[in-house]
Amino acid sequence: MKLLPLLLLVAASTPAYGIPHISEIIDRIHQQKQEAQLQPQLEQVLFSSSSDVQTLTFDQRLDHWSDCSHDRNECETFKQRYFYTSRYVQKEGDKQGANTNQNTVSFLCVGGEGPSLDKSVLVDSVHCTGDMIELAHKLYHEQNWNVHLFALEHRYYGESFPNKNSQKKEAYLRVNDNVLDSGGDEYKYLSSRQAVQDIVEFVKSSEALQHIKINGYTSNNNVRWITFGGSYPGMLSSWSRLLHPDVIYGAIANSAPVQAELDFRRYNDRVGLDLGEESLVGGSKKCLDIFESGHAEVAAILEGGDEDEINEVAATFDVCGGATMLLKDRQNIDFFVGNSMLPINVQGNDPNCDKPLCNIQKICDAIVAEHKSDENKPSMEILAKIGRQMQPGRCNIVDFQVMVNYFSAPSTAINANDRSWYYQTCTEFGFYQTCESNSHCPYARGHHTVDLDLEICGKSFHVDAERVKASVESTLLYYGGWDLIPGDDKSSVLEGHKRLLFVNGDVDPWSELSVNEESGRSDVQTLKVFGASHHFWTHPLKETDDNHVVEARQSIYRHVYDWLGVDADSSSHYDLKTE
């Protein structure tokens with residue numbers, strides 16, 4: 001949100017929802033067979049807990065800008081999946097005093113680049129549980145409101161993949177196909193602009209209205225819709241409200257990096273800050289020093305060219321293919337040392353996780369303890385030892401061509417979402433987390449330049465560097481970036497700025513590109529969650545959740561209550577801490 005501008009940092013334990021990191025991609029390369037075997041079991045478990053959720057499809061226009069306005073039936077369409085539950089809607093005889101139109105609302109969980117949606121999205125998942133579903137529960141049980149819950153899958157993700165048939169007009173829903181056709185036009189209609197229009201068309205559709213008719217609505221005109229999303233879906237949530245305030249009543253944008261940026265070097269600057277600051281998430285200056293020096297030691301050896309030392313590095317870090325693979329191509333060296341040689345969970349950091357080496361504090365504590373046990377041990381050996389403990393029995397992929405091949409290969413059930421997202425980074429957002437020479441990146445600086453990421457765009461999708469750069473600028477102009485003013489005039493205040501809330505974790509690197517109190521827009525509501533990572537508060541509720549995460553959820557509920565005019569008992573709210 002999860003946000004691949006690949007070649008990034010890491011999620012070492014459970015993959016975070018949002019923009020995916022290189023470690024997650026490498027995990028999928030290593031574990032393709034395991035994931036294929038586990039998926040049916042997972043779906044069976046989810047199905048048993050999601051019996052009140054319907055999986056449905058909607059005939060969505062393939063191209064919202066095609067010239068078929070004279071006859072909508074002539075427009076090409078595809079089957080877009082959506083999910084619905086009336087769990088929080090009163091049925092006849094359920095309660096005393098049936099609700100009216102005035103206290104009925106529709107919530108929409110926006111799909112995106114993260115894990116494919118399934119029925120659990122409206123039960124208990126990383127997508128919208130902590131904010132949207134829990135809020136619906138409260139509105140229904142505490143305030144006697146009806147809340148219709150929807151989730152809309154993003155085009156070209158999950159099962160909403162338009163697989164065009166060259167001999168027929170329609171595009172088709174991908175159902176249980178292991179392999180999709182590839183070709184030059186495969187992603188022709190994949191963009192955030194199309195996705196925003198998908199949201200608008202769905203909200204206005206007869207398919208959505210049929211679920212709400214139970215409350216007496218005969219048209220969509222007066223139905224209040226509030227969108228929720230985290231990471232890239234948070235971007236879409238905010239843009240839907242910004243561009244279509246007449247359709248979307250309000251929006252929650254969690255960890256939403258709306259400022260497209262080609263060379264996102266500040267991501268790894270923030271990683272360095274998180275590793276070095278004890279007050280944030282348990283890092284320390286000593287941890288950061290060892291981390292940086294370990295990468296510098298390896299880079300110096302690989303640059304020096306001593307065969308014995310390079311063999312030692314390859315053996316120490318269990319490099320797949322050994323020294324031969326490291327030296328096969330200069331890009332392999334850059335790929336290895338220009339990204340983290342140790343998978344550290346930053347954007348998905350959970351301060352209260354209970355597994356070994358599962359968060360920044362535990363990893364940093366292990367690094368420092370290893371150093372204290374032998375202060376003469378080279379930093380690179382410390383990192384290698386911790387890395388083997390985190391991923392036992394697995395060699396380290398350093399072959400950059402493996403990454404290129406992953407995105408160049410025809411889409412499969414394993415790589416389809418990743419390919420779609422990387423295509424969007426090439427044609428809209430950039431977001432490439434580099435490690436430039438003049439940065440504060442904690443890896444080997446100067447080895448991961450934006451050229452690595454641009455090469456994937458060129459080789460996998462035939463999008464050259466100039467087009468990527470132009471596309472990022474076009475996205476900024478179209479949506480307005482931090483200013484949230486589409487087009488050239490950056491001075492106006494729009495209706496879409498009202499009832500729009502941006503929520504960010506203050507240790508999340510993606511917060512650097514989101515709207516926050518430092519962005520300078522006083523007319524837009526913002527909320528900072530202290531000590532929190534990438535939209536952690538949208539995840540399922542846990543007893544171990546930090547107080548700031550709990551308080552952030554309560555603040556989101558309070559904002560939506562205010563938007564809806566709900567006079568909630570103030571005693572049921574937490575006061576958000578501001579220090």
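**Figure 1. Aromatic pairs in the model.** The structure holds 31 aromatic pairs. Rings of Phe, Tyr and Trp (its six-membered ring) form a pair if their centres lie within 6.5 Å; planes under 30 degrees apart count as stacked, over 60 as edge-to-face and the rest as tilted. This is a predicted model, in which local features need pLDDT of at least 70 and side-chain atom pairs count only at pLDDT 80 or more, while totals for chains, interfaces and linings use all residues. Residues are numbered from 1 along each chain as its sequence is written, and side-chain values use heavy atoms, with hydrogens and water left out.

**Figure 2. Tyrosine 187 meets phenylalanine 461.** The ring centres of tyrosine 187 and phenylalanine 461 are 5.9 Å apart and their planes are at 80°, so this pair is edge-to-face. Tyrosine 187 comes from the loop between strand 6 and helix 4 (192–203), and phenylalanine 461 from helix 17 (residues 450–461), 274 residues apart. Helices (H or I, at least four residues) and strands (E, at least two) are DSSP runs, numbered from the N terminus. Buried means under 20% relative accessible area, exposed over 50%, and partly exposed in between (1.4 Å probe, protein chains only).

**Figure 3. Phenylalanine 264 meets tryptophan 510.** Here the centres are 5.2 Å apart and the planes at 50°, so the pair is tilted. Phenylalanine 264 lies in the loop between strand 9 and helix 7 (266–276), and tryptophan 510 in the loop between strand 11 (500–505) and strand 12 (525–529), so the pair ties together parts 246 residues apart in sequence. Phenylalanine 264 is buried at 0% relative accessibility, and tryptophan 510 is buried with a relative accessible area of 0%. Ring pairs link both residues into a cluster that also includes Tyr232, Trp239 and Tyr478.

**Figure 4. Charges over rings.** The charged end of arginine 193 sits over the ring of tyrosine 478, 4.1 Å from its centre. Which ring lies under the charged end of arginine 499? That ring belongs to tyrosine 249, with its centre 3.9 Å away. A charge sits over a ring if NZ of Lys or CZ of Arg is within 6 Å of the ring centre and within 35 degrees of the ring normal.

**Figure 5. Confidence along the chain.** Over residues 1–16 the pLDDT is below 50. Where pLDDT is low, the predicted coordinates should not be read in detail.

Conventions:
pLDDT = per-residue confidence, 0-100. Contact = heavy atoms within 4.5 Å.
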